[in-house]
Amino acid sequence: MSYFPEISNIPYEGPNSRNPLAFRWYNENEMIEGKTMRDHLRFSIVYWHTMRGGGSDPFGMATAIRPWDDGSDSLDNALRRVEVAFEIFEKLGAPYYAFHDRDVAPEGKTIAESHRNLHKVTESLKAHQQKTGVKLLWGTANMFSNPRFMHGAATSCNADVFAFAASQVKTALEVTKELGGENYVFWGGREGYMTLLNTDMKREMDHLGKFLHMAVDYAKKIGFSGPFLIEPKPKEPTKHQYDSDSAACINFLRAYDLMPYFKLNIETNHATLAGHTMMHELDYAGMQGMLGSIDANTGDLLLGWDTDQFPTDFYLTAQCMLVILKWGGFTTGGVNFDAKVRRESFEPIDLFHAHIGGMDAFARGLRIAAEVRKDGVLSDFVKHRYRSWDSGIGKEIESGRATFESLDAYITGRGEASTNESGRQEMLENVFNRYL
Ligand code: XUL
Ligand code: CO
């Protein structure tokens, strides 16, 4: 049975197509820099927004029409959603999907019942993966919606809540492994605080470090080898979240001896909430070998919260892809659309328009980035800009031979530093725009 009989598999029709249900830039088998677009981008669709988002906001209830969903928290409803989800994944040609435990299966009255529900839905997810070839990019546990997590999960002041969270991640890891998930994500939804007046930050961070080590140990035990990913976000829901940006996450992982097991899952709207560009966050993670995956979306210039809009801006996606390619592209990660349709876009077909737009935006970004790299104008400029480090005193500093005394003698002998050169920002922005 089909839930979208009027929609066929979305075809690639090229840039001149006027068909809104076709790709203009994403041609999955086309080769770019020696790899297919499919393998470069590794698109993934999220269960929470696409299957569970209803469009409610703090001022109003859900608006979305979802004829397949009876609105109940029953297992039957959950199992029906799986069928719908896989039809959407397949028709869009998305090779991956991602979920939280509570997106796919209802929470039970006891934790044991919740685990049973999840295992039951997992059987169906597995069967659908086998039938369609769609794979799991990552799994995660929702440890932020239920009131028990009001003070946090691994960083709660209540030790029982820590134990509950551990049980939940244990099962989510088992399920992720069972489904061949390529990564496991931690987004610290409520791992943070509202006021230091009631918070022992050091103790909470120590607990988070312990929790993640337990996850690493259990993954080893059950043979889950995919990397763990931490998803940075600076605020919302808490005022200060511990995993606030790439730098804070990497410092935490290093301090708690977790570096070998983790990478980052970097989200555009989270980067901008942290006061950074997405490119900054990607480059910072990339230079430390910590770039794992991305949650692709965008915020709104005029709204200060996590609006999770679908990415449509080629300028942004091209710059993101430039940084991603610079650090070698994705291995286990991918472009995961942590994005939701607007509340006003309430019809099922809007889910297709939204993903087509996001996939095309990243496909076009990939094409532009590959052209920029082929011409080498920007990388040549940067290389030339740092040429004072390739020989002479610069080389001595980089190689570790220089000391304060030797540098003092060198610059005293010259009397003044050599003349600076323009950074040419405007010219370089013009160069970049040639490729758009
Ligand atoms: C919240 C967010 C999450 C994570 C997974 O802002 O991005 O959906 O991606 O928990
Ligand atoms: Co996200």
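Predicted model: local features only at pLDDT ≥ 70, side-chain atom pairs only at ≥ 80, totals over all residues.
**Entry 1**

I first listed the residues around ligand 1. As to location, I found ligand 1 in the largest pocket.

I next looked up distances from ligand oxygen atoms to side-chain N or O atoms. For Asp 338, I noted 2.7 Å between an oxygen atom of ligand 1 and a side-chain N or O atom. The corresponding distance for the side chain of Asp 306 is 3.0 Å. For the side chain of Trp 48, I recorded 3.3 Å. I also looked up the accessible area: ligand 1 taken alone exposes 290 Å², and the protein buries 93% of that.

**Entry 1. Aromatic pairs**

I searched the whole structure for aromatic pairs and found 25. One of them joins Phe 86 and Phe 89, with an edge-to-face arrangement, 5.1 Å from centre to centre and 65° between the planes. I placed both residues in helix α3, which covers residues 75-92. Phe 86 and Phe 89 are three residues apart there, about one turn of the helix.

**Entry 2. Backbone geometry**

Which peptide bond did I record as cis? The bond from Glu 236 to Pro 237 is cis, and its omega is near 10°. I located Pro 237 in the loop between β8 (228-230) and β9 (240-241).

I also noted Glu 33, a residue other than glycine whose phi is positive, near 45°. Glu 33 belongs to the loop that lies between β1 (31-32) and β2 (35-36).

Terms used
Residues numbered from 1 in each chain as written. Chains lettered and ligands numbered in written order. Heavy atoms only, no water. Polar contact = N/O pair within 3.5 Å; in protein donor to acceptor, adjacent residues only side chain to side chain. Areas by Shrake-Rupley, 256 points an atom, 1.4 Å probe, with all protein chains shown as cover. 1 Å grid on protein atoms, 1.4 Å probe; cavity = no way out; pocket = protein on both sides within 12 Å on 5 of 7 lines; lining within 4 Å. Sits in = over half its atoms within 2 Å of the grid points. Phe/Tyr/Trp six-rings, centres within 6.5 Å; stacked < 30°, edge-to-face > 60°. Helix = DSSP H or I, 4+ residues; strand = E, 2+ residues; numbered from the N terminus.
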